[in-house]
Amino acid sequence: MALTKAEIAEALFDQLGLNKREARELVDLFFEELRMALAHGEQVKLSGFGNFDLRSKNQRPGRNPKTGEEIPISARRVVTFRPGQKLKARVEAYAGTQQ
Amino acid sequence: MDGERSMTKSELIELIAAKQSHLPAKDVELAVKQVLEIMSDALAQGQRIEIRGFGSFSLHFRPPRQGRNPKTGETVALAGKYVPHFKPGKDLRERVNEPDDDLTPSASSRASASTSASTVD
């Protein structure tokens, strides 16, 4: 199963002794602040974890896969995540533990 | 271009501390660092992360390949590995795409300047 906000809050409660309400609010605020920064066009740099970058994409031709009809994909801004060195190294080590 | 402005971990901690004034700033700092630690730990154990409205993190496998030492030209066998991958959620995708009306007055003045110039030719 996947890690969710509820489980992150539970871990903060267990590990740091925040009460459950504080832990929940903190986790909500954490992701809300990241979202607001990105919505305002700010890159987010979390050292040791990674960077959330914004990339502008130009309009490009697209196609409805069902009907084959051509429809342009409008210009848009997208979020990309670049994991930091520390996170990459930790995750890479996981490959060694498989099989 | 995009990405000129940025938010760092310490700025994130300050923003959260300002909204959680009942918690000492030091506790907010510890908690933010711990959230990142919990997330890194999950990924390091091959677990997915799913945050509704924000997005999901998972691991993508990169198969083994032949690499080359750029200095000596020697070929080296590179083992397969996992890399972290983030997929933005619907809410984040939509919010990032909305024009910012609140923070960037320059963006709206640029937009109106370009519409008034659009009759050239």
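**Ground rules.** I number residues from 1 along each chain as its sequence is written, with chains lettered from A and ligands numbered from 1 in the order in which they are written. Because the model is predicted, I keep local features at pLDDT of at least 70 and side-chain atom pairs at pLDDT 80 or more, while totals for chains, interfaces and linings use all residues, and side-chain values use heavy atoms, with hydrogens and water left out.

**Interface.** I looked up the contacts (heavy atoms within 4.5 Å) and found that 57 residues of chain B touch 52 residues of chain A. The buried area (accessible area, 1.4 Å probe, that two parts lose on being put together, summed over both) is about 5,300 Å² between chain B and chain A, and carbon and sulfur atoms give 67% of that.

**Salt bridges.** I counted a salt bridge where a side-chain nitrogen of Lys or Arg is within 4 Å of a carboxyl oxygen of Asp or Glu. Over all chains there are 16 salt bridges, and the count between chain B and chain A is six. I noted that A:Arg90 pairs with B:Glu37, their closest N and O atoms being 3.3 Å apart.

**Within chain A.** A:Arg21 forms a salt bridge with A:Glu25, with 3.1 Å between the closest N and O atoms. Both residues lie in helix α2 (residues 20-39) of chain A, four residues apart, which is about one turn of the helix; I took helices as DSSP runs (H or I, at least four residues), numbered from the N terminus.

Note on methods. Helix = DSSP H or I, 4+ residues; strand = E, 2+ residues; numbered from the N terminus.
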